[in-house]
Amino acid sequence: MKETKHFINGEFVGSANGRTFANTSPATGQQIGIVHEAGREEVDQAVSAARAALTGDWGRMPVAERMALLHKLADGINARFDEFLEAECLDTGKPASLARHVDIPRGAANFKIFADLVKNVPTESFMLDTPDGAGALNYALRKPKGVIAVVSPWNLPLLLMTWKVGPALACGNTVIVKPSEETPSTTTLLGEVMNDVGIPKGVYNVVHGFGPDSAGEFLTSHKGIDGITFTGETRTGAAILKASADHIRHVSFELGGKNPALVFADCDMEKAVEGTMRSAFANCGQVCLGTERVYVERPIFDEFLARLKRGAEHMKLGAWNDPETSMGPLISKEHQRKVLGYYDKAVAEGATVVTGGGEPEMPGDLAGGAWVQPTIWTGLADDAECIRDEIFGPCCHVRPFDSEDEAVALANDTDYGLAAAIWTENAGRAHRVAANVNAGIVWVNSWFLRDLRTPFGGMGASGIGREGGVHSLEFYTELKNVCVKL
Ligand code: NAD
Ligand code: 6OD
């Protein structure tokens with residue numbers, strides 16, 4: 001049975017208290033490994049190692065050398081591509097066809113992109129007039145923030161972890177990562193690559209465990225960290241804010257969403273259906289940017305719904321390594337219970353089930369997994385819980401609208417503000433609606449098309465702050481002004 005340990009100061013170590021937990025396959029429900037659970041002792045060790053590394057070889061390393069190491073890291077992931085792929089797919093159950101194109105290449109690219117970006121970003125300077133006429137020169141310097149706690153989720157484990165670790169290291173910080181208890185493997189495997197390419201000890205540390213009263217809480221409430229970057233549920237973000245409040249430091253939070261798609265009658269139907277299929281069902285609906293509320297202009301409502309239904313019914317649920325598979329399981333039996341609970345609630349709230357709505361019958365070993373059917377509803381009221389709550393499963397509600405103003409009002413009728421998709425061939429409408437929808441990222445005629453130089457984050461309950469491009473520097477560095485009297 002595979003044993004997953006912490007990675008502290010360049011070494012793989014077990015827990016002093018001997019505590020472990022099971023790594024369970026979401027596809028079969030069978031145990032595939034054991035994982036060490038960090039106590040306060042391991043978290044203290046990781047924080048000490050990360051702090052020491054700040055002033056060691058890493059802290060003294062010339063920028064060009066640091067950036068070259070980050071490029072080597074990305075190459076190191078790609079050199080072990082198949083190992084990362086298998087580890088990610090076994091932990092999540094997601095199809096290899098998806099992870100091969102999204103999770104692993106993006107997981108590697110996050111290091112190169114931020115290395116190149118940090119190398120090329122200027123800082124500001126101002127000349128100030130002074131009464132004696134000599135003047136003063138002000139210039140800004142960016143310094144690493146320090147020790148960064150990275151708490152990451154299970155839906156895109158490597159991609160979302162390196163999305164934080166990439167810019168953190170590019171800016172010269174050291175990190176302690178607490179990956180999700182559901183998906184410990186690729187974060188741990190990355191420790192081997194760190195050692196192989198020569199990242200100094202203590203720069204990248206990993207502690208495993210759960211949230212409350214476990215590694216997550218011990219890390220985020222630790223006084224030795226200088227910043228917390230977190231991706232996960234909105235209510236976990238609130239718990240982390242409370243637990244970390246005694247020690248003042250920056251937080252960057254990427255939280256939940258209840259994202260709308262607005263499909264106008266002047267859309268390209270083919271593109272809109274294909275895009276909505278992906279945004280509702282990719283990764284078994286477990287993408288924070290995914291669409292759970294679809295609003296369709298009335299003249300094309302019936303045709304759009306019929307096509308979406310046909311697409312959902314053609315999805316092939318199956319094993320990660322079956323090339324025919326287009327959808328994997330949910331992450332766990334617990335999450336399956338939550339999603340099936342919403343499937344029941346939708347019916348209780350008056351939904352018409354257009355397709356799906358339950359648990360599929362799966363063959364052989366897969367019968368023990370966390371499977372659910374891709375599901376489409378119509379007929380829910382705008383204040384139904386299934387319309388307001390993030391479900392995080394392969395499901396969406398489709399509702400007609402009659403005007404652009406109504407579509408925008410419906411899109412904005414949410415506590416969240418993470419992402420939106422607009423489907424229209426009318427350029428004027430596209431820009432107008434994009435400006436009026438409250439979301440951190442709005443896609444027009446596409447979905448999850450990512451340019452990593454752009455700001456990324458959520459409004460309202462979807463997050464605090466922006467990362468991506470130069471915006472990552474706002475979180476991962478401290479900006480200092482130097483004023484020189486001439
Ligand atoms: P989660 O909040 O349950 O867990 C995320 C991480 O936080 C895990 O590592 C977990 O162990 C840890 N954690 C839980 N409680 C904690 C606590 N009290 N203190 C410290 N750490 C704690 O989220 P999840 O279920 O892993 O991921 C799904 C959620 O993440 C969804 O809500 C989704 O929308 C959101 N998400 C958001 C984005 C984004 O970019 N905005 C991206 C991906 C996922
Ligand atoms: O693409 C990214 O950088 C990113 N943070 C994606 C988030 C996906 C959420 O599930």
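This briefing covers the pockets, cavities and ligand surroundings of a predicted model.

**Basis of the values**

- Because the model is predicted, local features need pLDDT of at least 70 and side-chain atom pairs count only at pLDDT 80 or more, while totals for chains, interfaces and linings use all residues.
- Residues are numbered from 1 along each chain as its sequence is written, chains are lettered from A and ligands numbered from 1 in the order in which they are written, and side-chain values use heavy atoms, with hydrogens and water left out.
- On a 1 Å grid over the protein atoms alone, a cavity is a set of points where a 1.4 Å probe fits but cannot get out, and a pocket is an open set with protein on both sides within 12 Å along at least five of seven lines; lining residues have an atom within 4 Å of a point.
- A volume is the space filled by probe spheres set on the points, with grid points joined across faces, edges and corners.

**Largest pocket**

- The lining comprises 38 residues, and Trp154, Glu181, Gly232, Glu233 and Thr236 lie nearest the centre.
- At least two lining residues come from each of α9 (215-220), β11 (227-231), α10 (234-244) and α13 (333-348); these elements are DSSP runs numbered from the N terminus (helices H or I, at least four residues; strands E, at least two).
- Helix α10 gives the largest share of this lining, five residues.
- By class the lining has 16 nonpolar, 12 polar and 10 charged residues; Ala, Val, Leu, Ile, Met, Phe, Trp, Tyr, Cys and Pro count as nonpolar, Asp, Glu, Lys and Arg as charged, and the others, Gly among them, as polar.
- The largest pocket lies between domain 1 (2-255 + 462-485) and domain 2 (259-451), because both give residues to its lining; the domain bounds come from an automatic or database domain assignment.

**Second largest pocket**

- Two or more of its lining residues come from each of α5 (96-101), α6 (103-120) and α11 (269-281).
- The lining of the second largest pocket divides into 13 nonpolar, five polar and five charged residues.
- Domain 1 and domain 2 both contribute to this lining, so the second largest pocket lies between them.

**Ligand 1**

- Ligand 1 is surrounded by 31 residues, the closest being Lys178, Glu181, Thr236, Leu255 and Glu390; a residue is near if one of its heavy atoms lies within 4 Å.
- Oxygen atoms of ligand 1 lie 2.8 Å from a polar backbone atom of Ser152 and 2.6 Å from a polar side-chain atom of Lys178.
- A nitrogen atom of ligand 1 is 2.7 Å from a backbone N or O atom of Leu255.
- On its own ligand 1 has 840 Å² of accessible area, of which the protein covers 93%; such areas come from the Shrake-Rupley method with a 1.4 Å probe.

- The largest cavity has a volume of about 90 Å³, and its lining includes Arg106, Leu156, Trp163, Cys288 and Arg450.
- Helix α7 (residues 157-170) supplies the largest share of the cavity lining, three residues.
- Nine residues of this lining are nonpolar, none polar and two charged.
- Domain 1 and domain 2 each give at least three residues to the lining of the largest cavity.
- Among the residues that surround ligand 2 are Arg106, Asn155, Leu156, Cys288 and Arg450.
- Oxygen atoms of ligand 2 lie 2.8 Å from a polar side-chain atom of Arg106, 2.8 Å from a backbone N or O atom of Cys288 and 2.7 Å from a polar side-chain atom of Arg450.
- Ligand 2 exposes 310 Å² when taken alone, and the protein buries 99% of that.

Conventions. Polar contact = N/O pair within 3.5 Å; in protein donor to acceptor, adjacent residues only side chain to side chain.
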